[in-house]
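Welcome! Please take a look at the sequence and the 3D structure below, and then we will walk through some of the details together.

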Amino acid sequence: MSYVDKSLAEGEEIMMRGQWPVAYWIVAWLMLLTLGLLVVGVVLFLMMALHMLTTESAVTNQRVVLKRGWLTLSTQELPVSNIEEVRVEQSLIGRLFGFGRVIVTGTGEGVILFPPMSHPIDFRRDIENARTRARGGANGKPAG
């Protein structure tokens, strides 16, 4: 079971999970295939794969979550009611292949810089939808 699934509060539902772009997996495999004869290719592939497999990002109806790590754990969580700004950054390559970064800024000094992900605009939209619901805009009632 993933960290996000384990940490859900009562009534909290996952709206969207972040996913690594396919391009990142392709780069990892290309490094393995081209440099695989050298130990460096295997090491780079394993490092990239482990990083991608142990990083989770999600939007729930109550918070945004970024979890990194396997043996050591690092999490960043921000309640949707405390979010002030959500930005998407996409390079030209990112726009062509459908990936980019989402940056969430909360009240105070809370900033979550998500790693590159597939469909960042959809992820941003789900954050905004959760914010609207938390403020009572979706059905006139606050979430909870």
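A salt bridge is a side-chain nitrogen of Lys or Arg within 4 Å of a carboxyl oxygen of Asp or Glu. With that in hand, a search of the whole structure, which is a predicted model, finds nine salt bridges.

**A bridge between two strands**
- R63 pairs with E77 in a salt bridge, and their closest N and O atoms are 2.6 Å apart.
- R63 sits in strand 3 (residues 63-68) and E77 in strand 4 (residues 74-79), so this pair ties together parts that are 14 residues apart in sequence.
- R63 is buried, at a relative accessible area of 10%, whereas E77 is partly exposed at 34%.
- E12 joins R63 and E77 in a network of salt bridges.

- D122 and R125 form a salt bridge of 3.1 Å, N to O.
- These two residues, D122 and R125, are three residues apart in helix 5, about one helical turn.
- Both D122, at 29% relative accessibility, and R125, at 43%, are partly exposed.
- R131 and E128 also meet in a salt bridge, at 3.2 Å from N to O.
- R131 and E128 are likewise three residues apart in helix 5, about one turn, and R131 is buried at 11% relative accessible area.

**A backbone angle to look for**
- Most residues other than glycine have a negative phi.
- H119 is not a glycine, yet its phi is positive, about 55°.
- You will find H119 in the loop between strand 8 (117-118) and helix 5 (120-134), where H119 is partly exposed with a relative accessible area of 44%.

Definitions and conventions. Residues numbered from 1 in each chain as written. Predicted model: local features only at pLDDT ≥ 70, side-chain atom pairs only at ≥ 80, totals over all residues. Heavy atoms only, no water. Helix = DSSP H or I, 4+ residues; strand = E, 2+ residues; numbered from the N terminus. Buried < 20%, exposed > 50% of the residue type's maximum accessible area, 1.4 Å probe, protein only.
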